[in-house]
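Subject: Structure handover

Hello,

Here is the structure for you to look over. My notes follow below it.

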Amino acid sequence: MPIAIGTTDLISILPIAIVSLFGVYLLLQSVFAPRMNRILIPYLGILGVGLAVVGNFFLIGMEGTAFEGMVRVDRLTVVLNFLFLITAALSLLITISYHEGEHVEFLEFTPLVLFSTAGMMVMGSAESLMTIFLGLETMSIALYVMAGFRRTNRHSLEAALKYFLLGAFATGFLLYGMALTYGMVGSTNLTQIAQYFTQNALDVPLVALMGLALIIIGFGFKVALVPFHMWTPDVYQGSPLPVTAYMAVGAKAAGFAAILRVISLSAFSIAFQWSEILWVLAVLTMTVGNVVALVQDNIKRMLAYSSIAHAGYILVGVVASNDQTVPSVVFYLIVYLFMNLGAFAVATMVAGQNERRVNIQYYRGLGYTQPLLALAMAVFMFSLAGFPPTAGFIGKFYIFSAALQSGYVWLVILGVINSLISVYYYLNVVVAMYMQQPVDEKKIAPVLPGVGVVILVAVLGIVYLGIFPGTMLSVLR
Amino acid sequence: MQGIPISHFLVLSAILFSLGVIGVTIRRNAIVIFMSIELMLNAVNLSFLAFSNYLNNVEGQIFVFMVMVVAAAEVAVGLAIIVAIFRLRETVHVDDIKLLKW
Amino acid sequence: MLQLTLFYIFAVLAVLGGIMVVVHRNPIYSALSLILTLFALAGEYILLMAHFIAIVHIAVYAGAIMVLFLFVIMLLNIRIEERAPGALRYMVYIGVPMAAILFLQLGYLAFKGFQEVYVKNTDVGTVERIGQALFSKYVLPFEITSILLVVAMVGAVYLSKRKLEIVE
C-alpha cells in the first residue's frame, strides 16, 4: 500500500505545520545562535504565528476531510484556527511585557506556546477521536509545563502538579469513553460515529451512551464544568499571568471546539436522551462559578471563577443543539477571547514584579492614577458582565436566543439571573477603580508596549463586535 | 474450541480502571496517584485491544500505540514536575502542599 | 481450555498487582506491584493476538516508564507514607463507592454485550498490519506524536534544569 499524500492534505494542515516547524526552529535557534538577543525569541514566535495566519487564508473555501478522514477542513476549522492563532499572538505579547518585569527565563516558553497552539488547532480540525486525543494531549502537556514555568515559585509548581494530576486523571476517563465508543461503533471516525448514533437513535446501546458520557467528563475537566472544576482556581492563581491568560482562553476554546466536533456531529440524533444531563451541568456551572466569584478578593481567582461561569454560558449554547449552536458558541468564544485576554493584560500590568499586587484592593484609585488602563479594564468588566453596548451582551444574547429556539425557557431564565449575579463582582472592580482611594502610594509602572497592543486590540474587538456583530455572524453562518 | 469470551477482558479492564480511580482518590502521595493513573490507562488499552480483536479492526491497535506514546510523554513531564516540587519543598504529599485541596 | 486458564492466571496476577499498587503504603512496593500488573497485562495482550503491542508494552512500560518511576522514588528517597490525616479520610468514603459504581456499570455493560463473542484468531495484531496502517492511514496522528514528544522533552528538561539562567 503506497503512501498517498496529496496537496489538499498538506494544505489542510498548513497552519498547524507552520506553527510546529517554527517551534522547532526557535528551539534550534536558541541552541545554535546563543549570542542572539533572547528577548527577540517571543517576537520570532509572533512572526511564526503571523505566517500561520497567512497560511490559514489558503484554507478558506475548502470543504472536506484530509489524511484519510483524520482532519476535517470547513468553515469552523478556519475560524477556530484564527481564534487560536490570535490567542497565541496576544499571549506572547503579554509575555514580552511580563518578561521585562519578571526576569524569568522565557526561552523555552515561546516554542511551548507554539506547540500547544498546534495541539489546539489539531483539536479544532479533528475528524477522528484519535486526532482529538493527540491534539488535546499536545496542548495539555505543554500547558502543564507552562503552568509551572516560574519554577522557583512554589505556587507555580503546585499549580503545575495539580493541573497535571487532574488532567491526566481526566485523560483516563476520556480514553475509556473513546474505547467504549470505538468498540460499539467500530471506528473512531466522527462521521461514522454520527451515522451510528443516527441509525440507532431510537435505541442507543448503553455502552455507547456510557462512552459518550465518559468523553464528556474528560472534556468537562478541560473546560472546567462544575463537578470537574476543582483545579481551575488554584491553577489559574498559581500559573504565571500570561499562561493563565493563554490557558483561560485557548484551552477553553479548544475544549469547546472538541465538544462541538463530537456533539454537533454525533449527538443531534440522541440529544433528547442526554441534553438533560448537560442542562443540569450548565446550570450548576453558571451558578457555582458566579456565586463563588462573589467572595474572591484575588483578581486571578475571581477571573478563574468567572471563566467557570462563562463555560456554563457557552454550554447553554451547546445544550440548545440546533443550527444556532455552532455560530453562537463560536461567536461567544471569540468575544470571550478579547474580554479575557484584555482583563489579564491589565492584571499583568497592575500585578507588577513577582505578581505581588493581584488583590482587588490594588485596583483602588486606578481611575485617577492610570485613567486609560482603568478605562480599558472597565470596558472588559462591563463586557464580561454582559452590558448592552459591549460584545459580551451580544454573545450572551445569541447563546440565549439559540436556547430559546429549542424551548429551554427555564435554562435561559436561570442564565439571565446568573448574569445579574455576576454584575456584582465585575462592578466591584470598577467601583474600586473609580470610587475608592488608592491603597498605597506606589505607582504602577507605565503600560509597556506589548501589553498596550493587547489591551488596544481587545478594546477594539469588544467595541466592534458589540456594535457591528453582523459581519462576524454572517461569516460563522 | 470456544476460546475466551471478549467480555472477560472487558470486565478485567473495568476492574483495573476502578482500582486506578480508587488509587487516585484515596492516596496522598503524588507518585502513587500518578501510578494509579497509569493503571487506568493500561485498563483502557486492554479494552481497546479486546475491541480491536472483536471488530477485527487495526484502529484499536494504533490507538493503543498512541496511548503509550502519550503515557511516556506524561511520565517524563509529570516526574519532572514532582522532582521540581520535591527540590523546593522536600515533599511529595499532596496534603503538605497547602494549595492543593482537591 | 488452556487459554482460559492462562487468562485467569494473568487476570488474577493483574488484579492482585493493581490492589497492591493502591493499598501498599510504601511507594517502592507500589511500583513493583505495578510492574507485576503490566507483565500480566502483556500476557493478556498475547491472548488477544496483539503480539506487537505486547512486546512494545513490555519495552515501553517495564523498560522505560517503570524504571523512571523507580528511579525517581529512589532519588527522592521517599519513606513509608504516613496515614492520611483525619481531614482527608472522607476521600475513602467518596472514592471507593464512586469506583464501585463505575465498575458495576462498566462491568455490567461489558458483560451483557460481549458474552457470546470469543477471541478470534486474527492478524490485526501483527507487525505488518500495524506498520502498514501506521504509515498510510494513520500517518498524521503518527506525526503529531512527534510534536508531543518534543513538547515533553522540552518541558522535562526545562523543569529539571538545576540553575536559573538570568537573562542579561
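pLDDT is the predictor's confidence in each residue, on a scale from 0 to 100. You will need that here, as this is a predicted model.

Confidence: the complex has an ipTM of 0.94 and a pTM of 0.93 from the predictor. Chain C has an average pLDDT of 84, and 86% of its residues score at least 70. Among the elements of chain C, helix α2 (residues 27–47) has the highest mean pLDDT, 94. Helix α4 (residues 90–113) of chain C has the lowest, 73. Where pLDDT is low, the predicted coordinates should not be read in detail.

Interface of chains B and C: here 62 residues of chain B are in contact with 75 residues of chain C. On the side of chain B that touches chain C, the elements giving two or more residues are α1 (6–26), α2 (30–55) and α3 (59–89) of chain B. α3(B) gives the most, with 20 residues. By type, that side of chain B has 44 nonpolar, 15 polar and three charged residues.

Chain A, helix α5 (residues 109–124): the helix has 16 residues and reaches 23 Å from its first C-alpha to its last. That is close to the 22 Å expected at 1.5 Å a residue. In α5(A), 16 of its 16 residues are buried.

Chain A, backbone: which phi does F67(A) have? Its phi is near 50°, positive in a residue other than glycine. F67(A) sits in the loop between β1 (64–66) and β2 (71–73) of chain A. F67(A) counts as buried because it has 23 C-beta neighbours inside 10 Å, and the cut-off is 20 or more.

A224(A) is not a glycine either, and its phi is about 65°. Its place is the loop between α9 (206–223) and α10 (231–238) of chain A. A224(A) is buried, with 28 other C-beta atoms within 10 Å.

Best regards

How values were computed: Residues numbered from 1 in each chain as written. Chains lettered and ligands numbered in written order. Predicted model: local features only at pLDDT ≥ 70, side-chain atom pairs only at ≥ 80, totals over all residues. Helix = DSSP H or I, 4+ residues; strand = E, 2+ residues; numbered from the N terminus. Expected span 1.5 Å × (residues − 1). Buried ≥ 20, exposed ≤ 12 C-beta atoms within 10 Å, placed from the backbone. Contact = placed C-beta atoms within 7 Å. Nonpolar A, V, L, I, M, F, W, Y, C, P; charged D, E, K, R; others polar.
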